[in-house]
Amino acid sequence: MSEPTDPSDSVKVSRFTYRQLQGLRHGSTATPLRVVAHIDLDAFYAQCEMVRLGTPRETPLAVRQWDSLIAINYAARPFGISRLINVTEARKLCPDLVLQHVATFREGEGGRWAYRDDSFRNISTDKVSLDPYRAQSRKILQTMKEALAAWAVDENENENEHPKQELAAGLEKASIDEVFIDLSPLIYKTLLQRYPELQSGTQDENRDADLPIPPTTALQWDTDCLVDLDKHETEEDDPDWDDVVMLIGSEIVRSVRNAVWDKLSYTCSAGLGRNKMIAKLGSSCNKPNLQTVVRNRAVQNFLGGYKFTQIRMLGGKLGDQITSSFGTEKVSELLNVSLEQLRTKLDDHTASWLYGIIRGDDRSEVNPRTQIKSMLSAKSFRPSINSLDQADKWLHIFAADIYGRLVEDGVLENRRRPRVITLHHRTAQFRSRQIPIPKSNTIDEELLYDLAKTLLRQIVADGQAWPCSNLSLSVSSFEDGVSNNKAIEGFLVRGDQAKALSHVARPRATENAINEQPPADKKRRLDGGRIKQFFGNPSEDAVGEPQGVPQQPFTDSEDVTIPKYTCPRCLTLVSEYEKEEHDDWHFAKDLAQQDREESRASQPLPPPKSNPRGAAARGRGSRGGSTRGKTEKGQMRLAFQ
DNA sequence: GCCAGCGAT
DNA sequence: GGATCGCTGGC
């Protein structure tokens, strides 16, 4: 029954049009043919330790942080071990459990983290380091990008075709162990190769014509977990193109997961669906080491079984508010609430967004971003600390931690540099102060420490600084070192990715370090001249930089000099051979933008309100008035009412 | 630009 | 619960 064929038409046609197919090509978020994947490493920290220690997969293992567990591998879960219990209880449940403490920095031992067998007894002098996991995360991300690029090549026999970097770039690092990938453009290419008949009609005149029906009657889903179809759908119906693209997406994701396994021995789970929300829910359906496909015809059935509080952005106060307003947590029951009813309890924008999201409509973009936007180093104190002296010691560790990570990020080579430094401080409540990082200085550990100390003094001067239960230092507002043009940061990220991909043969040396403890005293080998060229003098030796391996700037010496070209539209410097691709990218982006504008009216943006480029400023201040006088300070400013 | 707060893993 | 990250909103 799912073939809404025009009865007057004797030939079966697809439910989809050439316009929608083009949407796939250009990464439109509105096309029903879109395919997004969410890939999630299984019990990530635990896997990192398994790989580092060479533990067999069947061995139960948990990662501990002080007295609690922060990751439990799948072999340990049948014993009833979860993050809710402590080390003692875990040992009781599973005497053979391997308990590995996270790496730590230690007061007085410079900025080097290490795995120490006594860290759990030194909560007062040690600070957790997540560096080993960040390093693994980067390697995995790189492997995923390579796998995507490889797919583009394999599927693309024609060598004259554009390079595939662009296709691999639609990858968003959502957290240390998760990524979203918008597979649409990659699938589009594959689709046209496998079904050349689709090429004929791609030209303008018949954009709204129906596509032909796929020449397949049954799809081979291999090892995928398929979510059951909606009530009135049946597997007997022939597949349409939205099923075919999902199958291709599934093949791509499998190849990515296989690459991660083959090269790095990590398993991951994945979800595929027509948007981020669906993909994200899907990836956790079948863990570990499986992928779940939510076809369009299965979306209602799929979502109907969830509590809406499990949907992205509804896990917090917003979700609670909705629950109490409508007396249910179930998606299936909230479906019975009309948009008007939603509007009685939520502001218009949130209501529209919610109405769509529980029906499977989510047009948020996969943000092609792999770079970090801020870095934070923190410590909770139990018991609280009471003096400037004590706090000072921690500032040293924070500065060393952050400096090490900045080095990894390329401060020395001047790829990126933070503009702001912030100190957070908690007594009864949180307070924070921030100041700009002087542009004239070379960023080094000392500078970070001095700035932090200044901030701490300010906070102390503000009063009520002790006892302090939490302290954290962070750097943010990163700017790109080379082009100095931050207005187009979105594109610069892609540029960086493209560069990274073009150097896949030379991965970051620092990322092989997880199997060893950080080298004790390896000195950084600075590439002298180039650095001062931008920010003054090169820093001193990076004492205590965690992983001690120098990193080559992409533009470094032994590379052939590549002719550069400055894009007149975004002023970005791209290599000559990337020019064509770059122009294509603008073109595609323009089309996608057009597309978005066309469909904007019907698609509310994510809550709570606002959208960076909301041209038609929805300045609606109409939230005022009524009740709720008892909102605590600073709490719950969401636009309910 | 500064700071607080929310949501997420 | 602890340590991170990203983002928005109010001034």
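Cys 285 is partly exposed, because its relative accessibility is 34% (buried means under 20% relative accessible area, exposed over 50%, partly exposed in between, with a 1.4 Å probe and protein chains only). This is a predicted model in which local features need pLDDT of at least 70 and side-chain atom pairs count only at pLDDT 80 or more, while totals for chains, interfaces and linings use all residues. Residues are numbered from 1 along each chain as its sequence is written, and side-chain values use heavy atoms, leaving out hydrogens and water.

How many disulfides does the whole structure hold? A search finds 0, where a disulfide is a pair of cysteine sulfur atoms within 2.5 Å. For Cys 48, the closest cysteine sulfur is that of Cys 268, 12 Å away, so the distance is too far for a bond. Cys 48 is also buried, with a relative accessible area of 0%. As for Cys 285, its nearest cysteine sulfur belongs to Cys 225, at 8.6 Å, and Cys 285 is in no disulfide.

## Two helices side by side

Now to a pair of helices (DSSP runs of H or I, at least four residues, numbered from the N terminus). The axes of α4 (residues 131-154) and α6 (residues 184-194) come within 10 Å and cross at roughly 25°; these axes are lines fitted to C-alpha atoms over the stretch in contact, with angles from 0 to 180 degrees between N-to-C directions. That angle makes α4 roughly parallel to α6, a label for angles under 35 degrees.

Where they meet, Leu 148, Trp 151 and Ala 152 of α4 touch Leu 186, Thr 190 and Arg 194 of α6, contact being heavy atoms within 4.5 Å. By class, this contact has 4 nonpolar, 1 polar and 1 charged residues (Ala, Val, Leu, Ile, Met, Phe, Trp, Tyr, Cys and Pro count as nonpolar, Asp, Glu, Lys and Arg as charged, and the others, Gly among them, as polar).

Definitions and conventions:
Chains are lettered from A and ligands numbered from 1 in the order in which they are written. Angles under 35 degrees count as roughly parallel, over 145 as roughly antiparallel, 65 to 115 as roughly perpendicular and the rest as oblique.
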